[in-house]
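Hi,

Here is the structure I promised to pass on. Have a look at it first, and then read on for my notes.

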Amino acid sequence: MHKDSTHRASVLQHVSLNVRSLRNAAGMSQSALAERSGVSRRMLVAIEAGEKNVSLTTLDLIAEALGVAFSQLIQAPDQRDPGRINELAWAGEHAQSKAVLLASSSARREVEIWEWTLAPGEHYASEADAEGWSEQIYVCEGQLTLIIEGVEHCLLGGQFHVFPSDCRYAYRNDGGRPVRFVRNVVI
């Protein structure tokens, strides 16, 4: 992470608290977690103390060893809505370089990623998807009106919404310019 990151301390603190809490809940010692994950005990001690900047690969190994989702390691301990994580997971040397985990959904088989563009006044309506399906919408630019079972959600560029899609939903562009958004369908 770069030195100027204001989120660095909070993310390291979240990881520290979550790893320690999840490890204790699983009844594992640091040595047992080290053996199961392939991450050195020394590294785990530093992570749990909040002293070590950890790679995403290392977090993946720890999450797998603990039997939890990656998102559970970086999310604020008091914020347990996987539909709205919005946590900085990585920052580079330059302040503009970063990776933010916005949301997470369980998937049974497949995830589709779509890039959508709707011209002003355009509308797309969908019937309900199969039970267990969900969508993750991220607006890149413009303004998207997302309608879920008749309830409207206005999303501007940089905003996102996660919802179960086993209901009627629609996308609408009420703005004066095209809206571009990314749609992940979790099947």
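Which backbone oxygen does the side chain of Asn18 reach? Keep that in mind while I give you the overall picture. Please note that this is a predicted model.

The protein chain has 187 residues, and 40% of them count as buried. You'll find 5 helices and 10 strands in the chain. Along the principal axes, its C-alpha atoms fill a box of roughly 60 × 40 × 25 Å. If you take the contacts between residues at least 6 apart in sequence, 64% of them join residues at least 24 apart.

As for the surface, the chain exposes about 10,400 Å², with carbon and sulfur atoms supplying 48% of that.

Now back to Asn18. This residue sits in helix 1, which covers residues 8–25. Asn18 counts as buried because its relative accessibility is 2%, and the cut-off for buried is under 20%. Its side chain reaches the backbone oxygen of Leu73, at 3.1 Å.

One more spot to look at is helix 3, residues 41–48, where the buried residues are Leu44, Ala46, Ile47 and Glu48. Just after helix 3 comes Gly50, which takes a positive phi of about 75°.

That's it from me. Happy browsing!

Cheers

Note on methods
Residues numbered from 1 in each chain as written. Predicted model: local features only at pLDDT ≥ 70, side-chain atom pairs only at ≥ 80, totals over all residues. Heavy atoms only, no water. Helix = DSSP H or I, 4+ residues; strand = E, 2+ residues; numbered from the N terminus. Buried < 20%, exposed > 50% of the residue type's maximum accessible area, 1.4 Å probe, protein only. Contact = heavy atoms within 4.5 Å. Areas by Shrake-Rupley, 256 points an atom, 1.4 Å probe, with all protein chains shown as cover. Polar contact = N/O pair within 3.5 Å; in protein donor to acceptor, adjacent residues only side chain to side chain.
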